[in-house]
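Work through each one with the coordinates open.

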Amino acid sequence: MKKSALFAAICVPAFLAAAPLAAKTLVYCSEGSPENFFAGINTTGTTFDVTGQIYSRVVDFERGGTQVVPGLAEKWTVSPDGLVYTFNLRKGVKWHSNKNFKPTRDMNADDIIFTLERQWKQEHPFFKVTSSNHTYFDDMGMPKLLKSIEKVDDYTLKITLNQPEAPFLSDLAMEWAAIQSKEYADAMLKAGSPEKVDQEPIGTGPFYLLQYQKDAVVRFKAFDQYYGGKAKIDDLVFSITPDPSVRWAKLQKGECHVMPYPNPADLDAMKKDPNVTIMEQAGLNVGYLAYNTTKKPFDDVRVRKAFNMAINKKAIIDSVYLSTGVAATNPIPPSMWSYNETVKDDAYNPEAAKKLLAEAGVSNLETDIWAMPVQRPYNPNAKRIAELMQADLAKIGVKAEIKSFEWGEYRKRLQAGEHQTGMIGWTGDNGDPDNFLHTLLGCDAAKSGGNTAKWCHKPFDDLVVKAKVTTDQKQRTELYKQAQVIFKEQAPWFTIAHAVQLKPVRKEVVDFKLSPFGRHTFYGVDIKGK
Amino acid sequence: MLRFILTRVSLIIPTFIGITLLTFFLIRLVPGDPIETMAGERGIDPARHELLRKEYGFDRPILVQYGIYIARVLQGDLSKSVITQAPVLDEFLALFPATIELAVCAILFALVIGLPAGILAAVRRNSIFDHGVMGISLAGYSMPIFWWGLILILLFSVQFDLTPVSGRIDVLYYIEPVTGFLLIDSLFFSEDEGAFRSALAHLILPTIVLGTVPLAVIARMTRSAMLEVLGEDYIRTAKAKGLSRFRIIALHALRNALIPVVTVIGLQVGVLFTGAILTETIFSWPGVGKWLIEAIFRRDYPVLQGGVLLLGIVVMTVNLLVDLAYGLINPRIRHTR
Amino acid sequence: MTAETMDAPAVAAPTATPPHPLREFWGYFSANHGAVAGLVVIVAVVLVALLADVLAPHSPYLTDTTIALKPPFWQEGGSFTYPLGTDPIGRDILSRLIYGARLSLLIGIMVVAISIMVGTVLGLVSGFFRGIIEIFIMRLMDVILTLPSLLLAIVIVAILGPGLMNSMLAVALIIMPHYVRLARAAVISETSKDYVTAARVSGAGTLRLMFREVLPNCTAPLIVQASLGISTAILDAAALGFLGLGAQPPSPEWGTMLADAREFVLRAWWVVTFPGLAILITVLAFNLLGDGLRDAFDPKLKR
């Protein structure tokens, strides 16, 4: 009797936990809550993953690529001087509706003007609504770039720039330019609750928002009247699951179908699971340890080289990145054009390192290793890497102390050059080597902060500055290749790794594509019945 | 009587002011600011940084900031989160039911097991059962619950696959919050039968983890209170009158022993919130504990200030109610203190 | 025929005279098996901590990625070289636990020492001077007690920066109110007694009264509270470590070890199981000891 009661007590929860079945529902185990539903003031992928489903943009990136394709604009023309862009907008694009708002008209030029001007013009009634921190709009240089935005007619829009800017169209395909409804905004302003526009979003995207519960769930439904045709799935659910091991457990049980940022420790198990495919793509990033070249003894290239040889890179990749990273030799990732394959990395050799240190006249060196307190896309665990480096350096007689600060503080102090050696990294967003080599290693950046090695080396700087103003890609490639050779000789960084984007996806998911920008787009994705 | 209540209520006012002062100024001492933290590797242009600080009012003298803050708090405005831009009070109210649901279940769990265990231990004093209960409850009291949670997940969710790993309910159930308490919402406002079961299954492990320490405290407290009461004269009288053992324990002893036990439960509220912070972190439970931890890591001052203040008010209110109830039951206290 | 046997009758002989207070105390204490067990464990932990250099088979900091995540010896793939297995970067878990004992004891003792010293002084001051000082101190303690303690500790660590020393200060602050209240209550009840009045009449200064007359009379409850306080301190510091705010890696603090290895929980159960077990056993021992001390100091409760 007792035994069966015990048995029942154990079994009941298992029965309770059984999940219900629902038709054509795709569950994505996301890593966190969206900050809000106004893409213009946010910078995190977590938020963009949500706004990306709800809103459309004037132009889009092709799914799974970086090519710009038509969005709300069917076609466009650019004037020969590159200053005037004329967009022909799509007709009959419908807005979502919710309990407070029923749209009376289709999307038109007014909505696009509204979206751009609320981030641009300080006197705009919506400039300060929710927040005036329009990060990307400012970072992309829009305030200086834009001259005027004119409505020619409801479906024709003319944007004039102050100077030519080749990546302008790509900028408009970014998440910050998600088009919001002017009619909705006007209605909410009249009702005295303008911030509703950014909390209860109305868009023209393939999915509309059904429910959002902070830290628990974001629920979408396919929008029947989406201009590209209804999505193949009916329901899209983001199950907010911050812990990567838990995301994996849920994926394994089939409680979700796609998950981002797997825990490197779980990858072996994932590869063995017959129900799961791991999608993989090289990321546009680099993680590194910057030597402060203005401080003794790191002003001596021999000391920097000695450190490069003393640290066992392979051990770091194997035990911290596992299969989520590839060892970095150059400051730019291998997938980027102009990557110099002939550059050889400094081989791990503690003996040679010791000798080199002695040659430089350095003994009993005490230094520090800064490790950021947070996980970054290019560095899964800076503190653990620091521990490994510390142990490696001890073997050549260098005593290193691990230091860390609160993340905002950390970057600020690092850029101010308070460190001797410090870990940091970079994620590029326009795919140009200039975005790495000049932004992170140029002399200008040594002054402004981005160059955390504080490394201003004339021969290198001349090359990258010249490449910046050159238009011929072949010539630029040559210049950047030379620059990488100098970089390795001078060793301002210990290049650690380029992180790889890994996405475990269940087998029943059809046609999910990885985005080079790390976004998750679920329009076009289908799910097979069991 | 009214005077007693008034004095008690007036006593919490300085504590309230103290909490606002402490949270406000302590949080200002935390290095780093949300704008920097959000900026990431890219950093932020100093001019724009200045502009934003102005917008949030961070540039004013700190005393002025405090004055503005208090004035707003008294009007029920706890200002906006720097990260999400949503009003702090709205976020708190959206998340608090999850914490309450968990806390109430944990207390119920602790009572249902702790009370009988404590009573039996007292009745069978010095028996093996008594020693067992006391030993186990001391172990429960010594439990690092963040570890306990991990071990339970490892055992019941991973090894035996009996319970869900995290969250409040299976995400496939769409439940519009009515009360915010998922057990109630899923039972009464959802046609889907499985929803309630799913909500219940998700509650099991977090309840055990959060209930462990209160369970230990209640069992120990019940035992010692019962022992005290059982030694009193009136119990001996009852025994002498030949009342049955069960009646003595159930009617006379228990009623009197419960007073200190209830007090202890009331005073466990603060401890419970501390436990909730860890439990919610382990189980990804969408409550206020996890919310506050995140606020610290993101340097979200308004959320931290408002959240701590609101939790402080909840704890104070519960303590006050316990205090008043105690005073009502036990008139001696009313007059002596 | 050694000294031991000679001693035995000497102990038993003076039954007529009342037993020495310490001996009486030991009599009560040793009757409590739990308390004795707690004491034994604590002595063992102290010995382990003191002899860590001798006992630990490996260095707690030496990393070797080729032997990462080896299971304990009784599982397949484990060996006696690493009896409790290795962590994600190949450090011996047993050695780290052994060195971690030092840290946990240090945390427990330092935290309690700080909060007893500061807390007792504050309590004595508010008990003696009453008035505005008392109100101020006691209200502040109320505030600290009202806020969820871990949250307050986290805020303080956020201010001071994560680290072993800072987390100790934070925990010391959150357990302080108990000592303040205890000391104040003792002062108030003692000052009304005759011997204090007598001392005061004979011209003893306040300071002298505080430390020479009153303090010794409230040591018993303070000792009990201290023993229980050590367990709270170890638990809270470990919780901070678990949240990544306590001692920083590579320090082998038990809570930090747990947090550091948490992501491997699904793959290697031992990396989280043993540090937690170490915390549980140590804390339990201090609680047993505290219980035993309380009963021994207050025999009336024993009945």
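Q: Is B:Lys290 buried or exposed?
A: This is a predicted model, so the call rests on computed positions. A residue counts as buried when 20 or more other C-beta atoms lie within 10 Å of its own. B:Lys290 has 24 such atoms within 10 Å, so B:Lys290 is buried.

Q: Which residue of chain A is in contact with B:Lys290, leaving aside neighbours within four places in sequence?
A: B:Lys290 lies in helix H12 of chain B. Its contacts beyond the sequence neighbours include B:Glu280, B:Thr281 and B:Trp285. The contact from chain A is A:Asp215.

Q: How many Å apart in space are B:Lys290 and B:Val269?
A: In sequence, B:Lys290 and B:Val269 are 21 residues apart. In space, C-alpha to C-alpha, the separation is 17 Å.

Q: Which element gives the largest share of the side of chain B that touches chain A?
A: The contact takes 45 residues from chain B and 46 residues from chain A. Helices H2, H3, H5, H9 and H12 of chain B each give two or more residues to the chain B side. The largest share is six residues, and it comes from H9(B).

Q: How many charged residues are on the side of chain B that touches chain A?
A: By class, this side has 20 nonpolar and twelve polar residues. The charged residues number 13.

Q: Which helix supplies the largest share of the side of chain A that touches chain C?
A: This contact takes 15 residues from chain A and 15 residues from chain C. On the chain A side, H9, H12 and H14 of chain A each supply at least two residues. That side divides into six nonpolar, four polar and five charged residues. The largest share, five residues, comes from H14(A).

Q: Which strands stand at the edges of the open sheet in chain A?
A: The sheet has four strands in the order S1-S10-S9-S8, with mixed pairing. The twist averages 20 degrees from one strand to the next. An edge strand has a single partner, so one side is left without a neighbour in the sheet; the two are S1 and S8 of chain A.

Q: Which residue of S10(A) is the bridge partner of A:Val27?
A: S1(A) and S10(A) run parallel and are joined by four bridges. The partner of A:Val27 in S10(A) is A:Val237.

Q: At about how many degrees to S8(A) does helix H2 of chain A run?
A: Helix H2 spans residues 45–54 of chain A. This helix lies across S8, S9 and S10 of chain A. Relative to S8(A), it runs at about 140 degrees.

Q: How many of the ten residues of helix H11 of chain A are buried?
A: The buried residues include A:Arg304, A:Lys305, A:Phe307 and A:Met309. Their cover includes S12, H13, H14 and S17 of chain A. H11(A) is largely enclosed by the rest of the structure, because the buried count is eight.

Q: Which element gives the most residues to the largest nonpolar core?
A: This core has 258 residues, and C:Ala153, C:Ile154 and C:Val171 touch the most other members. It draws at least three residues from each of domain 1 and domain 2 of chain B. The top contribution is 21 residues, and it comes from H9(B).

Definitions and conventions: Residues numbered from 1 in each chain as written. Chains lettered and ligands numbered in written order. Predicted model: local features only at pLDDT ≥ 70, side-chain atom pairs only at ≥ 80, totals over all residues. Contact = placed C-beta atoms within 7 Å. Nonpolar A, V, L, I, M, F, W, Y, C, P; charged D, E, K, R; others polar. Pairing = 2+ DSSP bridges. Axes fitted to C-alpha atoms, helices over the stretch in contact; angles between N-to-C directions. Buried ≥ 20, exposed ≤ 12 C-beta atoms within 10 Å, placed from the backbone. Core = buried A, V, L, I, M, F, W, Y, C linked by C-beta atoms within 7 Å. Domains from an automatic or database assignment.
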